[in-house]
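Visitor: I would like to go through the labels used for this model and hear the grounds for each one.
Guide: Then let us look at it and take the labels in turn.

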Amino acid sequence: MDWGTELWDQYDIIEKHTQSGLELVEKYVKFVKERTEIEQNYAKQLRNLSKKYSLKRSGKDEPECRLSSYQSFLDILNEMNDYAGQRELIAENMMMSICIDLTKHLQELKQERKTYLMEAKKAQQSLESTYKQLDSSKKRFEREWREAERAAQYAEKTDQDINATKADVEKAKQQAHMRAHIAEECKNDYAAQLQKFNKEQNQFYFNDMPLIFNKLQDLDEKRVRKLAQGYILFSDTEKHVMPIIGKCLEGITKAGTNVNERNDSMVVIEQNKSGFERPGDLEFEDYSQGINRASSDSSLGTPKGPMELLGKNRSKNFWIFSKRSKPTVTEDFAHLPPEQRRKRLQQKLEEICKELQKEVDQSEALGKMKDVYEKNPQMGDPASLASQISQTSQNIERLRGELNKYETWLAEAGGRGDTLRYKAHTFNNNGAHDVHSPDGAHSDESTPDPSQAIYAEFDDDFEDEELTAPIGKCTAMYNFPGASEGTISMQEGEVLAVVEEDKGDGWTRVRRSNGDEGYIPTSYVTIALNK
């Protein structure tokens with residue numbers, strides 16, 4: 001069944017129905033847009049919520065951050081942030097696959113419907129024009145036929161009139177004959193117009209309009225199919241991200257199961273254990289005998305070591321719940337209990353070691369760059385590096401002094417700094433431009449050329465160390481001869497593996513596929529690091 005056959009006389013109904021269908025598509029697009037706005041606002045609120053309760057940078061070093069309950073809470077905030085990203089993805093996909101696609105399809109349907117309706121109106125106007133011609137020819141035939149009848153009656157009356165002359169009779173008969181001829185022509189014209197109209201009317205109702213109505217039916221069914229796909233996408237878009245959302249929720253569940261109350265208790269102990277002994281019993285002082293029993297062997301008290309640790313002040317008792325005044329913070333952390341002091345000193349030493357290693361690496365890089373500049377003046381002026389090399393040397397000396405100082409304090413606190421001391425000696429060996437020992441004494445040994453020492457160590461590193469995993473790739477934009485020691489040659493367009501990023505000295509460490517490694521100017525390549 002089709003519209004052209006069953007609804008051949010329902011043009012207004014079809015026009016109204018197709019218009020209503022297009023309005024439904026517009027309404028659905030608007031509905032989905034509002035849904036995407038809700039998703040975007042929801043995602044934004046979730047992100048703001050996660051950000052609000054996330055620890056600031058200054059708070060990440062707080063003692064509580066080591067507790068599993070705090071870590072799990074941070075994991076939950078991260079999962080919520082990822083969950084918000086999936087809600088944003090839902091909104092984006094709905095906008096792209098439903099709103100934009102349906103809007104484009106809707107415009108095409110509107111234009112197509114407009115074309116079909118114009119064809120229908122054009123066919124109707126053509127039929128109406130033919131009908132007007134038919135009606136005009138019919139009226140003319142009717143008028144001329146009446147005139148011919150009157151002329152025939154007048155001629156017959158004149159012929160029977162005895163008073164009429166022969167000329168009058170002849171004239172009346174000619175007039176009647178002429179009118180009859182005109183009437184006959186009008187009759188033939190009317191018949192021709194009628195035949196033409198009937199043919200066009202048949203074409204209109206059995207061919208033209210059914211074809212147009214069937215096209216409108218196809219258009220409407222196409223609209224319904226597209227709208228149905230939009231309905232399905234409304235669900236599938238969210239189903240597509242459900243696995244990831246499920247992982248976010250599983251992550252939240254995992255964060256809950258990762259909480260370990262016993263370990264948290266151990267962390268609290270580790271962070272806050274003072275190392276003090278519990279205070280002993282107070283001694284009896286017998287004022288009635290005038291004797292200070294404190295020094296007596298029969299004293300009721302116990303050794304007074306803990307009280308001495310608490311300040312040797314007998315006038316004040318050590319109360320657990322008493323409000324303590326905030327101690328003055330000292331550089332050697334002497335204001336802290338013994339256990340906490342050792343931990344803080346060790347932490348400080350680790351920080352200094354990292355900073356010292358960074359400065360030593362910088363020193364090595366500057367030495368390499370200076371040597372390259374000296375051998376290739378077109379690449380730069382070696383004198384321009386003097387201030388940086390001097391500053392780096394001063395930083396290394398300062399950090400070594402701090403390292404020695406904190407190692408001394410750690411030894412006083414009962415800690416061991418052997419590992420750190422070994423690292424300090426390692427730093428000294430790496431610092432080719434430095435001529436001082438870790439404890440500040442001047443070395444009596446002759447100092448070789450700094451650049452040669454650096455490159456010798458550089459080559460030893462390549463021989464002794466295991467191959468470092470590449471962190472990206474780079475493509476050479478220019479040729480580089482690699483004539484200086486420690487550098488590697490490359491040709492324009494050559495692809496190399498990046499082993500070590502530029503540390504601010506303008507050089508990047510790379511490796512060929514055959515295992516050759518060396519430094520190249522960073523400005524000579526385009527770098528793409530692994531994500």
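Guide: A salt bridge is a side-chain nitrogen of Lys or Arg within 4 Å of a carboxyl oxygen of Asp or Glu. The model is predicted, and a search of the whole structure finds 22 salt bridges.

Visitor: What makes E39 and R35 a salt bridge?
Guide: The closest N and O atoms of E39 and R35 are 2.7 Å apart. The cut-off is 4 Å, so the pair qualifies.

Visitor: Why are E39 and R35 separated by about one helical turn?
Guide: Because they are four residues apart in helix 2, which covers residues 11–53. Both E39 and R35 are buried. They also belong to a network of salt bridges that links R35, E39, R87 and E238.

Visitor: Why is the contact between E331 and K405 called a salt bridge?
Guide: Their side chains meet at 2.8 Å, N to O. That value is within 4 Å, so the name applies. E331 lies in the loop between helix 6 (305–309) and helix 7 (338–375), and K405 in helix 8 (residues 386–412), so the pair ties together parts that are 74 residues apart in sequence.

Visitor: How do you know that E331 and K405 are partly exposed?
Guide: The label covers relative accessible areas between the buried limit of 20% and the exposed limit of 50%. E331 has 45% and K405 has 30%, so each falls in that range.

Visitor: What makes R512 and E494 a salt bridge?
Guide: The N to O value is 2.8 Å, and the limit is 4 Å, so this pair counts too. R512 sits in the loop between strand 3 and strand 4 (517–521), while E494 sits in the loop between strand 1 (472–476) and strand 2 (495–500); the pair therefore ties together parts that are 18 residues apart in sequence.

Visitor: Why does R512 count as buried?
Guide: Its relative accessibility is 19%.

Visitor: What joins the side chains of R511 and E517?
Guide: A polar contact of 2.5 Å. The cut-off for such a pair of N or O atoms is 3.5 Å.

Visitor: What makes F206 exposed?
Guide: F206 has 60% relative accessibility. Exposed means over 50%, so F206 passes. The residue is placed in helix 4 (residues 166–257), and W8, Y205 and F206 form a nonpolar surface patch with about 360 Å² of accessible area together.

Visitor: Why are C186 and C474 called buried?
Guide: C186 has a relative accessible area of 3% and C474 has 2%.

Visitor: How many disulfides are counted?
Guide: The count comes to zero disulfides. A pair of cysteine sulfur atoms would have to be within 2.5 Å to be counted.

Visitor: How many helices and strands does the protein chain have, and what share of its residues is buried?
Guide: The protein chain has ten helices and five strands. Of its 531 residues, 32% count as buried.

Methods. Residues numbered from 1 in each chain as written. Predicted model: local features only at pLDDT ≥ 70, side-chain atom pairs only at ≥ 80, totals over all residues. Heavy atoms only, no water. Buried < 20%, exposed > 50% of the residue type's maximum accessible area, 1.4 Å probe, protein only. Patch = residues over 30% accessible without salt bridge, like charges linked within 9 Å, V, L, I, M, F, W, Y side chains within 5 Å. Areas by Shrake-Rupley, 256 points an atom, 1.4 Å probe, with all protein chains shown as cover. Helix = DSSP H or I, 4+ residues; strand = E, 2+ residues; numbered from the N terminus. Polar contact = N/O pair within 3.5 Å; in protein donor to acceptor, adjacent residues only side chain to side chain.
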